[in-house]
Structures are given as structure tokens and as C-alpha cells.
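Biologist: I'm new to this one. Could you put it on screen and talk me through it?

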Amino acid sequence: MFRTVRQWFDPREVRSEGTRPDYRYSLANERTFLAWIRTGLALIGGGLAVAGFLPQLRVTHLREGIAVVLLVLGGAIGLHAVDHWARSERAMRLDQPLPPSRFPAVLAIALALGALLLVLILAVGGMRE
């Protein structure tokens, strides 16, 4: 665990193992990292927008709950991004298969369920008048 977290902050450790892969693969790995970061930032921004601009809902504290879920999900994506970057870089250097991840599927299902929940809330008149 400590070694994994240390790799997040010291990429030299990741790059000290194995052989250097084609730079295009490393750059693609960094672009994927940045895409995850953008997704996390978008969810954090959405959470802040919900907390600040969404009117009170009929269900007590639902607005705050939605905001917290979005903020936590955004933070989790940031952690996933750096972990996936380090594990992928290490796998490429050691000529191993890229690490599998269920995170994209879990994220997609969570977002779909969250959107469905919001549609249901709006359909039954969830906002106070």
C-alpha cells in the first residue's frame, strides 16, 4: 500500500523499473490520466453547483446528499486516475498486460442510476414551490 502511494508522488520510482516503453504509450497514458482528472473536476463542479444553486427539494437534505455524492465521486476519480496512471506505466515498463479496472463500469452505472433518481424526483415534483 505504502509503495503504491509513494509511486503517485515519485514517478521516478515507476520509471526505474523495466525498460522504457515507446514514448507514445506513456503520453497516451498521461492523456488518459488527464481525462480522468477532467471527469473528476466536472463532478466536483457539479457538486458545488448543486449545493449552491439547486433549490430546496421536498425530500429533506436531498440536495445536500446529491452534492456530497458528486463531490466524493469526483475525489475518488482523482485518486483512481493517479493510481491507474502509475499501475499502467509500471505494466508497460515491465512488458505486462495493462491492469484491468472495473472502475469505469462502476462509475457509468452509478451515474446512470443517479440520473434516473433525479428524473424520478423531478417527475414527482421534487422541488419546492
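Biologist: Let me start with one residue. Is Leu 122 buried or exposed?
Modeller: Leu 122 is exposed, because its relative accessible area is 51% and the cut-off for exposed is over 50%. Bear in mind that this is a predicted model.

Biologist: Where is the place of Leu 122?
Modeller: Leu 122 sits in helix H5.

Biologist: And how far apart are the C-alpha atoms of Leu 122 and Leu 57?
Modeller: They are separated by 9.3 Å. Along the chain, Leu 122 and Leu 57 are 65 residues apart.

Biologist: Let's step back. How many helices and strands are there in the protein chain?
Modeller: The protein chain has five helices and zero strands. Its pattern along the sequence reads α-α-α-α-α.

Biologist: What box do the C-alpha atoms fill?
Modeller: Roughly 65 × 25 × 20 Å, taken along the principal axes.

Biologist: What share of the residues counts as buried?
Modeller: Of the 129 residues, 29% are buried. The accessible surface comes to about 8700 Å². Carbon and sulfur atoms hold 69% of that surface.

Biologist: How about charge? How many positive and negative side chains are there?
Modeller: There are 15 positive and 10 negative side chains. The centres of the two sets lie 2 Å apart.

Biologist: Now the inside. Which residues touch the most other members of the largest nonpolar core?
Modeller: Leu 43, Ile 66 and Leu 107 do, in a core of 13 residues. Helices H3 (23-53), H4 (62-93) and H5 (103-123) each supply at least two residues of this core.

Biologist: Which helix gives the most to this core?
Modeller: H4 does, with seven residues. As a general point, nonpolar side chains tend to be buried together in soluble globular proteins.

Biologist: Stay with Leu 43. What is Leu 43 in contact with, leaving aside neighbours within four places in sequence?
Modeller: Its contacts are Leu 70, Leu 71, Leu 73, Gly 74, Ile 77, Leu 107 and Leu 111.

Biologist: What about the whole chain? Of contacts between residues at least 6 apart in sequence, what share joins residues at least 24 apart?
Modeller: That share is 71%.

Biologist: On to H4. Is Leu 62 buried or exposed?
Modeller: Leu 62 is in helix H4. Its relative accessibility is 17%, so Leu 62 counts as buried. Leaving aside neighbours within four places in sequence, Leu 62 is in contact with Leu 57 and Ile 121.

Biologist: How far apart are Leu 62 and Arg 15?
Modeller: They are 45 Å apart in space, C-alpha to C-alpha. In sequence, Leu 62 and Arg 15 are 47 residues apart.

Biologist: Why does Asp 83 count as buried?
Modeller: Asp 83 is buried because its relative accessible area is 17%, and the cut-off is under 20%. Asp 83 lies in helix H4. Beyond neighbours within four places in sequence, Asp 83 is in contact with Thr 4 and Trp 8.

Biologist: And His 84, buried or exposed?
Modeller: His 84 is buried, with a relative accessible area of 14%. His 84 also lies in helix H4. With neighbours within four places in sequence left aside, His 84 is in contact with Asn 29 and Pro 99.

Biologist: Switching to loops. Where does His 61 lie?
Modeller: His 61 is in the loop between H3 and H4. Phi of His 61 is near 65°, a positive value in a residue other than glycine. His 61 is exposed, with a relative accessible area of 56%.

Biologist: What is phi of Asp 95 near?
Modeller: Phi of Asp 95 is near 55°, again positive in a residue other than glycine. Asp 95 belongs to the loop between H4 and H5. Asp 95 is exposed at 73% relative accessible area.

Biologist: Last one. Is Gly 52 buried or exposed?
Modeller: Gly 52 counts as exposed, at 52% relative accessibility. Gly 52 lies in helix H3. Gly 52 and Ala 67 are 15 residues apart in sequence, and 9.1 Å apart in space, C-alpha to C-alpha.

Terms used: Residues are numbered from 1 along each chain as its sequence is written. This is a predicted model: local features need pLDDT of at least 70, side-chain atom pairs count only at pLDDT 80 or more; totals for chains, interfaces and linings use all residues. Side-chain values use heavy atoms; hydrogens and water are left out. Helices (H or I, at least four residues) and strands (E, at least two) are DSSP runs, numbered from the N terminus. Buried means under 20% relative accessible area, exposed over 50%, partly exposed in between (1.4 Å probe, protein chains only). Contact means heavy atoms within 4.5 Å. Accessible areas come from the Shrake-Rupley method with a 1.4 Å probe; for residues, only the protein chains shown count as cover. Lys and Arg count as positive and Asp and Glu as negative; His and the chain ends are not counted. The place of a charge is taken as NZ of Lys, CZ of Arg, CG of Asp or CD of Glu. A nonpolar core is a set of buried Ala, Val, Leu, Ile, Met, Phe, Trp, Tyr and Cys residues joined through side-chain atoms within 4.5 Å.
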